[in-house]
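Please keep the model open while reading.

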Amino acid sequence: MTDWAPIAKEYDPLKAGSIDGTDEEPHDRAIWRAMLARYVPNKGVTGDPHLTLFVARLNLQTTEEKLKEVFSRYGDIRKIRLVRDLVTGFSKGYAFIEYKEERALLKAHRDANRLVIDQHEVFVDFELERTLKGWIPRRLGGGFGGKKESGQLRFGGRDRPFRKPINLPNVKNDFYGEGSAEKRNWSREGTRDWRTRDREHERSREKRGPERERSWGWGDSERDSKEERSRGRERKDRDRKDRDRDRSRERDARKQRDDDKYR
(Lines give C-alpha, C1' and ligand atoms only; values in the text may rest on other atoms or scores of the structure.)
Protein backbone atom coordinates (compact mmCIF):
# COMPACT_ATOMS: atom_id res chain seq x y z
CA MET A 1 0.00 0.00 0.00
CA THR A 2 3.03 2.31 -0.08
CA ASP A 3 2.11 3.26 -3.67
CA TRP A 4 -1.36 4.47 -2.63
CA ALA A 5 -2.67 7.55 -4.44
CA PRO A 6 -6.08 9.29 -4.32
CA ILE A 7 -6.35 9.11 -8.12
CA ALA A 8 -6.20 5.72 -9.83
CA LYS A 9 -3.21 5.29 -12.15
CA GLU A 10 -4.71 2.09 -13.58
CA TYR A 11 -8.37 1.13 -13.61
CA ASP A 12 -9.33 -1.80 -11.40
CA PRO A 13 -13.12 -2.31 -11.00
CA LEU A 14 -12.65 -3.95 -7.59
CA LYS A 15 -10.64 -1.03 -6.23
CA ALA A 16 -12.92 1.52 -7.89
CA GLY A 17 -15.83 0.04 -5.92
CA SER A 18 -14.02 0.64 -2.63
CA ILE A 19 -13.93 3.97 -0.83
CA ASP A 20 -10.21 3.58 -0.08
CA GLY A 21 -9.25 1.11 -2.80
CA THR A 22 -8.66 -1.78 -0.39
CA ASP A 23 -11.69 -4.05 -0.97
CA GLU A 24 -10.93 -7.71 -1.65
CA GLU A 25 -14.47 -8.77 -2.59
CA PRO A 26 -16.97 -6.94 -4.84
CA HIS A 27 -19.94 -5.53 -2.95
CA ASP A 28 -22.40 -5.22 -5.86
CA ARG A 29 -23.23 -7.07 -9.05
CA ALA A 30 -22.10 -4.22 -11.27
CA ILE A 31 -18.53 -4.67 -10.03
CA TRP A 32 -18.71 -8.36 -10.98
CA ARG A 33 -19.95 -7.31 -14.41
CA ALA A 34 -17.08 -4.85 -14.80
CA MET A 35 -14.52 -7.43 -13.69
CA LEU A 36 -15.78 -9.89 -16.29
CA ALA A 37 -16.06 -7.29 -19.08
CA ARG A 38 -13.60 -7.22 -21.96
CA TYR A 39 -13.93 -3.66 -23.13
CA VAL A 40 -12.16 -2.36 -26.24
CA PRO A 41 -12.09 1.43 -26.80
CA ASN A 42 -14.05 2.69 -29.77
CA LYS A 43 -11.71 2.59 -32.75
CA GLY A 44 -13.89 5.07 -34.60
CA VAL A 45 -12.90 7.86 -32.20
CA THR A 46 -10.15 10.02 -33.67
CA GLY A 47 -7.90 12.71 -32.29
CA ASP A 48 -5.13 12.84 -29.70
CA PRO A 49 -6.44 11.38 -26.40
CA HIS A 50 -3.72 13.18 -24.45
CA LEU A 51 -5.08 16.53 -25.64
CA THR A 52 -8.74 15.71 -25.06
CA LEU A 53 -11.01 16.80 -22.22
CA PHE A 54 -14.11 14.99 -21.03
CA VAL A 55 -16.96 17.38 -20.11
CA ALA A 56 -20.02 15.92 -18.35
CA ARG A 57 -23.25 17.00 -16.58
CA LEU A 58 -24.12 19.33 -19.41
CA ASN A 59 -27.51 20.87 -19.87
CA LEU A 60 -29.28 18.84 -22.55
CA GLN A 61 -29.94 22.09 -24.39
CA THR A 62 -26.25 23.05 -24.54
CA THR A 63 -24.88 23.07 -28.10
CA GLU A 64 -21.46 22.70 -29.68
CA GLU A 65 -21.44 26.45 -30.34
CA LYS A 66 -21.93 27.18 -26.66
CA LEU A 67 -19.15 24.78 -25.68
CA LYS A 68 -16.81 26.38 -28.20
CA GLU A 69 -17.64 29.83 -26.86
CA VAL A 70 -16.86 28.79 -23.28
CA PHE A 71 -13.84 26.52 -23.72
CA SER A 72 -12.05 28.49 -26.42
CA ARG A 73 -11.07 31.02 -23.76
CA TYR A 74 -8.46 28.51 -22.52
CA GLY A 75 -6.81 27.98 -25.89
CA ASP A 76 -7.29 26.93 -29.50
CA ILE A 77 -9.71 24.04 -29.99
CA ARG A 78 -9.17 21.44 -32.69
CA LYS A 79 -12.47 19.55 -32.37
CA ILE A 80 -15.61 19.30 -30.23
CA ARG A 81 -17.69 16.13 -30.13
CA LEU A 82 -21.02 16.46 -28.32
CA VAL A 83 -22.32 12.91 -27.84
CA ARG A 84 -25.89 12.47 -29.07
CA ASP A 85 -28.44 9.67 -29.11
CA LEU A 86 -28.25 7.78 -32.41
CA VAL A 87 -32.04 7.53 -32.70
CA THR A 88 -33.38 10.84 -31.37
CA GLY A 89 -30.34 13.02 -31.99
CA PHE A 90 -30.71 14.56 -28.52
CA SER A 91 -27.66 15.35 -26.42
CA LYS A 92 -26.63 12.76 -23.80
CA GLY A 93 -25.18 15.46 -21.56
CA TYR A 94 -21.46 14.97 -22.16
CA ALA A 95 -18.84 15.94 -24.73
CA PHE A 96 -15.17 15.62 -25.67
CA ILE A 97 -13.06 18.68 -26.50
CA GLU A 98 -9.69 18.31 -28.18
CA TYR A 99 -7.19 21.18 -27.87
CA LYS A 100 -4.26 21.97 -30.09
CA GLU A 101 -1.80 22.49 -27.22
CA GLU A 102 -1.21 20.73 -23.92
CA ARG A 103 -0.97 24.07 -22.13
CA ALA A 104 -4.55 24.90 -23.08
CA LEU A 105 -5.71 21.42 -22.01
CA LEU A 106 -4.15 21.75 -18.55
CA LYS A 107 -5.55 25.24 -18.08
CA ALA A 108 -9.07 24.13 -18.97
CA HIS A 109 -8.73 21.06 -16.74
CA ARG A 110 -7.72 23.28 -13.83
CA ASP A 111 -10.16 26.18 -14.28
CA ALA A 112 -13.25 24.83 -16.05
CA ASN A 113 -14.24 22.13 -13.57
CA ARG A 114 -17.51 23.07 -11.81
CA LEU A 115 -18.05 25.91 -14.23
CA VAL A 116 -21.74 26.80 -14.70
CA ILE A 117 -22.91 26.52 -18.31
CA ASP A 118 -26.60 27.04 -19.13
CA GLN A 119 -27.53 26.76 -15.42
CA HIS A 120 -25.66 23.45 -15.03
CA GLU A 121 -22.44 22.93 -13.06
CA VAL A 122 -20.24 20.84 -15.35
CA PHE A 123 -17.61 18.25 -14.51
CA VAL A 124 -14.29 18.33 -16.40
CA ASP A 125 -11.59 15.66 -16.50
CA PHE A 126 -9.06 14.19 -18.89
CA GLU A 127 -10.30 11.60 -21.35
CA LEU A 128 -9.87 8.20 -19.71
CA GLU A 129 -11.19 5.74 -22.29
CA ARG A 130 -7.98 5.74 -24.30
CA THR A 131 -5.50 6.92 -21.66
CA LEU A 132 -6.27 4.94 -18.47
CA LYS A 133 -5.16 1.32 -18.66
CA GLY A 134 -7.94 -1.19 -17.95
CA TRP A 135 -10.73 1.37 -18.34
CA ILE A 136 -14.31 0.03 -18.10
CA PRO A 137 -17.18 2.46 -18.85
CA ARG A 138 -20.10 3.07 -16.55
CA ARG A 139 -22.57 1.13 -18.65
CA LEU A 140 -20.55 -2.04 -17.98
CA GLY A 141 -20.36 -1.44 -14.23
CA GLY A 142 -17.15 0.59 -14.20
CA GLY A 143 -16.43 4.28 -14.51
CA PHE A 144 -15.96 6.79 -11.72
CA GLY A 145 -18.46 8.74 -9.66
CA GLY A 146 -22.05 7.55 -9.48
CA LYS A 147 -24.92 8.48 -7.16
CA LYS A 148 -25.52 7.40 -3.58
CA GLU A 149 -29.09 6.40 -4.40
CA SER A 150 -27.85 3.71 -6.78
CA GLY A 151 -25.58 2.12 -4.18
CA GLN A 152 -22.93 1.82 -6.90
CA LEU A 153 -20.45 4.58 -6.13
CA ARG A 154 -17.07 4.42 -7.83
CA PHE A 155 -13.90 5.95 -6.41
CA GLY A 156 -10.45 6.86 -7.64
CA GLY A 157 -11.40 9.63 -10.07
CA ARG A 158 -11.24 13.38 -9.87
CA ASP A 159 -14.84 13.76 -8.74
CA ARG A 160 -14.59 11.15 -5.95
CA PRO A 161 -10.96 10.24 -5.15
CA PHE A 162 -9.95 7.40 -2.87
CA ARG A 163 -9.94 8.17 0.82
CA LYS A 164 -6.77 7.45 2.70
CA PRO A 165 -6.85 4.04 4.44
CA ILE A 166 -6.80 4.25 8.23
CA ASN A 167 -3.69 2.09 8.67
CA LEU A 168 -1.70 3.75 5.89
CA PRO A 169 1.36 5.81 6.94
CA ASN A 170 1.83 9.31 5.58
CA VAL A 171 2.95 9.10 1.96
CA LYS A 172 4.10 11.76 -0.41
CA ASN A 173 1.63 12.24 -3.24
CA ASP A 174 1.49 14.87 -5.96
CA PHE A 175 -0.36 13.05 -8.75
CA TYR A 176 -1.28 16.17 -10.70
CA GLY A 177 1.98 17.98 -9.98
CA GLU A 178 0.14 20.61 -7.95
CA GLY A 179 1.35 22.15 -4.72
CA SER A 180 4.82 23.03 -3.52
CA ALA A 181 7.21 21.32 -1.14
CA GLU A 182 6.60 24.16 1.30
CA LYS A 183 2.86 23.34 1.40
CA ARG A 184 3.53 19.64 1.89
CA ASN A 185 5.94 20.37 4.77
CA TRP A 186 3.35 22.66 6.34
CA SER A 187 0.78 19.84 6.11
CA ARG A 188 3.07 17.36 7.85
CA GLU A 189 3.95 19.87 10.59
CA GLY A 190 0.27 20.60 11.03
CA THR A 191 -0.37 16.90 11.57
CA ARG A 192 2.23 16.74 14.33
CA ASP A 193 0.75 19.84 15.94
CA TRP A 194 -2.69 18.27 15.99
CA ARG A 195 -1.35 15.09 17.57
CA THR A 196 0.49 17.07 20.24
CA ARG A 197 -2.62 19.11 20.90
CA ASP A 198 -4.70 15.94 21.24
CA ARG A 199 -2.30 14.49 23.81
CA GLU A 200 -2.34 17.72 25.82
CA HIS A 201 -6.11 17.76 25.65
CA GLU A 202 -6.30 14.19 27.00
CA ARG A 203 -3.96 15.02 29.89
CA SER A 204 -5.90 18.16 30.82
CA ARG A 205 -9.18 16.25 30.64
CA GLU A 206 -7.83 13.60 33.03
CA LYS A 207 -6.82 16.32 35.47
CA ARG A 208 -10.19 18.02 35.27
CA GLY A 209 -12.13 14.75 35.65
CA PRO A 210 -12.14 14.52 39.51
CA GLU A 211 -12.89 18.23 39.87
CA ARG A 212 -15.79 17.96 37.43
CA GLU A 213 -17.17 14.96 39.30
CA ARG A 214 -16.99 16.84 42.61
CA SER A 215 -18.64 19.91 41.14
CA TRP A 216 -21.35 17.91 39.44
CA GLY A 217 -22.00 15.43 42.29
CA TRP A 218 -25.11 15.94 44.47
CA GLY A 219 -24.39 16.49 48.17
CA ASP A 220 -26.76 15.42 50.92
CA SER A 221 -27.99 18.96 51.52
CA GLU A 222 -28.64 19.48 47.81
CA ARG A 223 -30.62 16.25 47.56
CA ASP A 224 -32.67 17.22 50.62
CA SER A 225 -33.37 20.64 49.15
CA LYS A 226 -34.50 19.11 45.87
CA GLU A 227 -36.85 16.67 47.63
CA GLU A 228 -38.27 19.46 49.75
CA ARG A 229 -38.99 21.59 46.70
CA SER A 230 -40.71 18.63 45.10
CA ARG A 231 -42.89 18.07 48.18
CA GLY A 232 -43.73 21.78 48.26
CA ARG A 233 -44.94 21.66 44.65
CA GLU A 234 -47.09 18.62 45.44
CA ARG A 235 -48.69 20.42 48.44
CA LYS A 236 -49.48 23.45 46.29
CA ASP A 237 -51.09 21.23 43.66
CA ARG A 238 -53.25 19.52 46.30
CA ASP A 239 -54.30 22.86 47.84
CA ARG A 240 -55.27 24.23 44.42
CA LYS A 241 -57.36 21.16 43.66
CA ASP A 242 -59.09 21.43 47.06
CA ARG A 243 -59.94 25.08 46.46
CA ASP A 244 -61.33 24.31 43.02
CA ARG A 245 -63.44 21.51 44.49
CA ASP A 246 -64.82 23.80 47.24
CA ARG A 247 -65.71 26.51 44.72
CA SER A 248 -67.50 23.96 42.57
CA ARG A 249 -69.52 22.75 45.55
CA GLU A 250 -70.46 26.33 46.52
CA ARG A 251 -71.65 27.06 42.98
CA ASP A 252 -73.76 23.90 42.93
CA ALA A 253 -75.31 24.74 46.34
CA ARG A 254 -76.08 28.34 45.28
CA LYS A 255 -77.69 27.15 42.09
CA GLN A 256 -79.81 24.65 44.03
CA ARG A 257 -81.05 27.39 46.45
CA ASP A 258 -81.97 29.64 43.54
CA ASP A 259 -83.92 26.86 41.90
CA ASP A 260 -85.82 26.12 45.13
CA LYS A 261 -86.69 29.81 45.59
CA TYR A 262 -88.43 30.14 42.22
CA ARG A 263 -90.44 26.90 42.37
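Is R57 buried, partly exposed or exposed? R57 is partly exposed, at a relative accessible area of 44%. Here buried means under 20% relative accessible area, exposed means over 50%, and partly exposed lies in between (1.4 Å probe, protein chains only).

This is a predicted model: local features need pLDDT of at least 70, side-chain atom pairs count only at pLDDT 80 or more, and totals for chains, interfaces and linings use all residues. Residues are numbered from 1 along each chain as its sequence is written, and side-chain values use heavy atoms, with hydrogens and water left out.

**Salt bridges**

- The structure holds ten salt bridges (a side-chain nitrogen of Lys or Arg within 4 Å of a carboxyl oxygen of Asp or Glu).
- One of them joins R57 to D159, with the closest N and O atoms 2.5 Å apart.
- That pair links distant parts of the chain, 102 residues apart. R57 sits in the loop between β1 and α3 (64–71), and D159 in the loop between β6 (123–126) and α5 (181–216). Helices (H or I, at least four residues) and strands (E, at least two) are DSSP runs, numbered from the N terminus.
- D159 is partly exposed, with a relative accessible area of 30%.
- R84 and E64 also meet through their side chains, at 3.1 Å from N to O.
- R84 is partly exposed at 34% relative accessibility, and E64 is partly exposed at 25%.
- R240 pairs with D237, the closest N and O atoms being 3.0 Å apart. The two are three residues apart in helix α6 (residues 220–261), so about one helical turn separates them.
- R240 is partly exposed at 42% relative accessible area, and D237 is partly exposed at 33%.

**A buried strand residue**

- T52 lies in strand β1 (residues 52–56). T52 is buried, because its relative accessibility is 5%.
- A polar atom of the T52 side chain lies 2.7 Å from the backbone oxygen of D48.
- Leaving aside residues up to four places away in sequence, T52 touches F96, I97, E98, L105, F126, E127 and R130. Contact means heavy atoms within 4.5 Å.

- M35 lies in helix α2 (residues 29–36) and is partly exposed, with a relative accessible area of 32%.

Key:
Polar contact = N/O pair within 3.5 Å; in protein donor to acceptor, adjacent residues only side chain to side chain.
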